[in-house]
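Walk through this protein one piece at a time. Keep the sequence beside the structure as you read.

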Amino acid sequence: RIETLSAELRKLERSITAACYDNERGYIDATDTQKQARAVRLAPSIAEKRDQITYWEKVRAEQIATGQATGHSRATIQKGDRVKIRGQWREVVRANTKTVSVTTEYSWTNTAPYAEIQQHHRPE
C-alpha cells in the first residue's frame with residue numbers, strides 16, 4: 001500500500017510540470033502560469049497522499065515493532081539465505097530492491113515482495 005501511494009504521489013507531482021499538447025505544435029513545455037495553476041489545483045491531493053503515506057508508514061513500523069509483520073529488506077536478505085514464502089522454504093538467488101528472487105523446483109526463479117516473507121534463515 002505504501003508503494004502504491006508513493007507511486008500515486010510521484011504521478012501527481014509529475015503532472016504539475018507535464019508538457020501540454022497543442023494541435024499545431026505537438027507537445028510543448030508548460031508555462032510557469034500553467035505550472036502554478038496545476039500546483040494550486042493539485043495541492044490538496046498531494047497533501048492527502050503525503051498524509052496517507054505517513055499514516056501507513058507509522059502503522060507498518062508498529063507492526064514490525066510488535067512482531068505482527070516482518071521488516072525484511074535488501075539489507076537483511078542475502079544470496080544463499082533461506083526464506084519461507086507462502087508456506088514453502090526457498091533459497092534466495094537475488095535480493096532485489098523491492099522483491100526477492102528465489103529458486104523453484106523448475107529451471108526458473110520466482111520473485112516475491114519482501115512483505116510476503118514469513119520467516120528467514122541464514123545458513124551458518
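Predicted model: local features only at pLDDT ≥ 70, side-chain atom pairs only at ≥ 80, totals over all residues.

**From the helix to the sheet**

In β7, His120 is the bridge partner of Val83.

Start with the overall division.

Helix α1 covers residues 2-16. Now look at its sides. Leu5, Ser6, Leu9, Leu12 and Ile16 of α1 are buried. These residues cover an arc of only 120° around the axis, so they sit on the same side of α1. An α-helix has 3.6 residues a turn, so residues three or four places apart point the same way. What do the buried residues of α1 pack against? Their partner is α2 (32-66). The face turned away from the buried side of α1 carries Glu3, Lys11 and Arg14, which are exposed.

Next comes a glycine. Gly26 belongs to strand β2 (residues 26-28). Is Gly26 buried or exposed? Its relative accessibility is 17%, and buried means under 20%, so Gly26 counts as buried. Leaving aside neighbours within four places in sequence, Gly26 contacts Cys20 and Tyr21.

Now move to the sheet. Five strands make up an open sheet, in the order β6-β5-β4-β3-β7, with antiparallel pairing. Strands β6 (109-113) and β7 stand at the edges with a single partner strand each, so one side of each has no neighbour in the sheet. Direction ignored, neighbouring strands of this sheet are turned by 45° against each other on average.

Strand β5 (residues 99-103) runs antiparallel to β6, and five bridges join them. Thr99 stands opposite Pro113 in β6. Val102 has Asn110 of β6 as its bridge partner. Five residues lie between β5 and β6 in their hairpin.

In β5, Val102 is the bridge partner of Val92. The antiparallel pairing of β4 and β5 has three bridges. These two strands form a hairpin too, with three residues between them.

Step on to β3 (residues 82-85). Four bridges pair β3 with strand β4 (residues 88-95) in the antiparallel sense. Arg82 stands opposite Glu91 in β4. The hairpin of β3 and β4 has two residues between the strands, and there Arg86 takes a positive phi near 55°.

Which residues of β3 are on its covered face, and which on its uncovered one? Val83 and Ile85 are on the covered face, while Arg82 and Lys84 are on the uncovered one.

The last step returns to where we began. Strand β7 (residues 117-121) runs antiparallel to β3, joined by four bridges. Val83, on the covered face of β3, meets its bridge partner His120 here.

Key
Residues numbered from 1 in each chain as written. Heavy atoms only, no water. Buried < 20%, exposed > 50% of the residue type's maximum accessible area, 1.4 Å probe, protein only. Pairing = 2+ DSSP bridges. Expected span 1.5 Å × (residues − 1). Arc of directions from axis to C-beta. Contact = heavy atoms within 4.5 Å. Axes fitted to C-alpha atoms, helices over the stretch in contact; angles between N-to-C directions.
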